[in-house]
Amino acid sequence: MDPLGLAQEGVDGGVELYRQFERLEYEALAERKRKALQDQPRGEPMKKPRQDEYLGATMEEINEMMKFGSRRKSRAKLSPQVTRKIGDSTLHYASGDYDKAIPLLEEVVRIAPNLPDAYYILGLIYDAMGNRKKALNFHMIAAHLSPKDPALWRKLIAWSIEEKDTGQVRYCLSKVITSDPKDVGLRFDRALLYCELGEYQKAAESYDQIVALYPGNIVTRKMAAKMYRECSQLEKAISILEDYVKTYSSEADIGILTLLIDFLMENNSHVLALHQIEYAAKSVCQSDEELPLHLKAKAVICHAYLGNIEFVEVFSFLGDILCIFLS
């Protein structure tokens, strides 16, 4: 695959470059799985892939498929010729002589296709010339050749947002999270993007990943539970909330308890819902008198479903609410 031709992808209305990379990564991952199956001894269970293996193939595999040069060349010290051309093209770029800089950088790409510097400077030049699409493509190639540097991916995210290209935003977010896994803000951004796109399963899994990193984050717990509910995985949603209430009992508030009670009632687990209402009364509200009216109403509804009519009569003042609910 010609790197300079690759940078032209999508500029004239063809398939966008990030989709080309997605295809290459999918093919590389499929090949890796096929090889793993061949190498797996018979009767031995298949090793479960790590989470990060689902995010794409390694950079070495992609480079290999794109024929960006051999690993021997990529590790070799830059030749004086390449160093001189990079230096000259940088000076031309700084002085605005783009027509002089571009041929030099294209020559560098042909000589050393694994060198990200040439693609990066070409991206700067085309952006200065007003060709944002081509600039984005060159920077995307440079970012793939510098997988441990998240700065370029962040720039690509900003540009993709400006272009309102949600697919590309999602792709770049996944890449920058891989390069900078400790940045939880990026994980929130990706989860929120999935929510906006209506991809609730991916949103739920993204929030669940954040829960694994920060199990005490109550906002993330709620969002993960809500997204799993949207995917009709009510048991999973309940489990996430119950785990928080058990593990962080002193920090549980009415909000997360109400959400858990709602989900339990929706799941026809009225006995468990009553237990959580009783827990709220004793641990959060300190007494039945301080229990919010909406939780008292939920208690009546649970008792009604369980056939405890004598208990319902105690709360006759909520009878109208119950009648409306059951009608």
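Figure 1. Where pLDDT is low, the predicted coordinates should not be read in detail. For the protein as a whole the mean pLDDT is 82, and 80% of the residues reach 70 or more.

**Figure 2. The protein as a whole, with 19 helices and zero strands.** Of the 327 residues, 42% count as buried, and the accessible surface comes to about 17800 Å², of which 53% belongs to carbon and sulfur atoms. Among contacts between residues at least 6 apart in sequence, 53% join residues at least 24 apart.

Figure 3. Ser206 is buried, with a relative accessible area of 5%. Leaving aside residues up to four places away in sequence, Ser206 touches Arg190, Ala191 and Tyr194. The C-alpha atoms of Ser206 and Phe188, which are 18 residues apart along the chain, are separated by 7.8 Å.

**Figure 4. The salt bridge between Arg132 and Glu162, one of eleven found in a search of the whole structure.** The side chains of these two residues meet at 3.0 Å, N to O. Arg132 lies in helix H8 (residues 132-144) and Glu162 in helix H9 (residues 150-162), so the pair ties together parts that are 30 residues apart in sequence. Arg132 counts as partly exposed at 22% relative accessibility, whereas Glu162 is exposed, with a relative accessible area of 55%.

**Figure 5. The salt bridge between Arg154 and Asp183.** Here the side chains meet at 2.8 Å, N to O. The pair links distant parts of the chain, with Arg154 in helix H9 and Asp183 in the loop between helix H10 (166-179) and helix H11 (184-197), 29 residues apart. Arg154 is partly exposed, with a relative accessible area of 32%, and Asp183 is also partly exposed, at 25%.

**Figure 6. The salt bridge between Asp208 and Lys236.** The side chains of Asp208 and Lys236 meet at 3.6 Å, N to O. This pair links distant parts of the chain, since Asp208 is in helix H12 and Lys236 in helix H14 (residues 234-247), 28 residues apart. Asp208 is buried, with a relative accessible area of 18%, while Lys236 counts as partly exposed at 35% relative accessibility.

Conventions: Residues are numbered from 1 along each chain as its sequence is written. Side-chain values use heavy atoms; hydrogens and water are left out. pLDDT is the predictor's confidence in each residue, from 0 to 100. Buried means under 20% relative accessible area, exposed over 50%, partly exposed in between (1.4 Å probe, protein chains only). Contact means heavy atoms within 4.5 Å. Helices (H or I, at least four residues) and strands (E, at least two) are DSSP runs, numbered from the N terminus. Accessible areas come from the Shrake-Rupley method with a 1.4 Å probe; for residues, only the protein chains shown count as cover. A salt bridge is a side-chain nitrogen of Lys or Arg within 4 Å of a carboxyl oxygen of Asp or Glu.
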